[in-house]
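Open your viewer and get ready to click through a few side chains. We will go one stop at a time.

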Amino acid sequence: MRELYIAATDAGRAFTDEQLSESLTATLARKPKGAGWWIFAYGSLLWNPLFPVAEMRPATLRGLHRRFCLWSLASRGTPDAPGLVLGLEPGGTCRGVALRLPAPLALDELHLLWRREMVVGSYDPRWVRVDADGREVIALTFVVRRDHPHYAGRLPLAKQVAVLASACGAFGASADYLERTRVALVSHGIVDPYLEGLAKEVVGARGGRAAPPHEAEVGGY
């Protein structure tokens, strides 16, 4: 992921191994006492976690909502034609899935997760409380940083549709990212009106064509 973004942008935007390690160490230091190893998935981690999952539960996070608010300059777009990926923004609620890491593997897997999700530091890792299918758990999730250069802000829906319908990067089309997320949520019994509406508009903008999946998929950001 880092090599991909260095090639697409510049070396200064990609975290070094030392920065990734410092970020993870700081996040683990804030881990609430008694919390397990849960990850709240709301985007690409739903369908491509790349870590072993010991348990999964549909979950509700209050106080944050899912939105296409982060530019992707390499994986789902290019510097000349950026794509969009999801982040969590303040306000509302978000329905997703709580994924539990096996405790013996948690630290090693989190190091790998950091190399994927924190490659350019556009997220703020947070420990949050979620209602996981009737059980309250503390989970780690990734909230967009509004001060980051890749933050897209609150784009009008028409702009989101235009970008999602056309942008494509090393890991495939932004439209494919949207569709995979939508389908993954539906498979857990979660229908997100925002994503459903976007998906219909994007298919229409593409002339009725869905985006083909990318065979070399390795991450979602």
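Is Cys94 buried or exposed? With a relative accessibility of 1%, Cys94 counts as buried (buried means under 20% relative accessible area, exposed over 50%, partly exposed in between, using a 1.4 Å probe and protein chains only). Before you go on, note that this is a predicted model, where local features need pLDDT of at least 70, side-chain atom pairs count only at pLDDT 80 or more, and totals for chains, interfaces and linings use all residues. Residues are numbered from 1 along each chain as its sequence is written, and side-chain values use heavy atoms, leaving out hydrogens and water.

Keep Cys94 selected. The structure holds 0 disulfides (pairs of cysteine sulfur atoms within 2.5 Å). For Cys94, the nearest cysteine sulfur belongs to Cys69, 11 Å away. Now click Cys168, which is partly exposed at 42% relative accessibility.

Next, select Trp47 and Tyr177. Their ring centres are 6.0 Å apart and their planes meet at 85 degrees, so this pair is edge-to-face (rings of Phe, Tyr and Trp, taking its six-membered ring, pair if their centres lie within 6.5 Å; planes under 30 degrees apart are stacked, over 60 edge-to-face, the rest tilted). Trp47 is buried at 17%, and Tyr177 is buried at 3%.

Finally, find Lys31. Its charged end sits over the ring of Trp37, 4.3 Å from the centre (NZ of Lys or CZ of Arg within 6 Å of the ring centre and within 35 degrees of the ring normal). The charged end of Lys31 also sits over the ring of Trp127, 5.9 Å from its centre.
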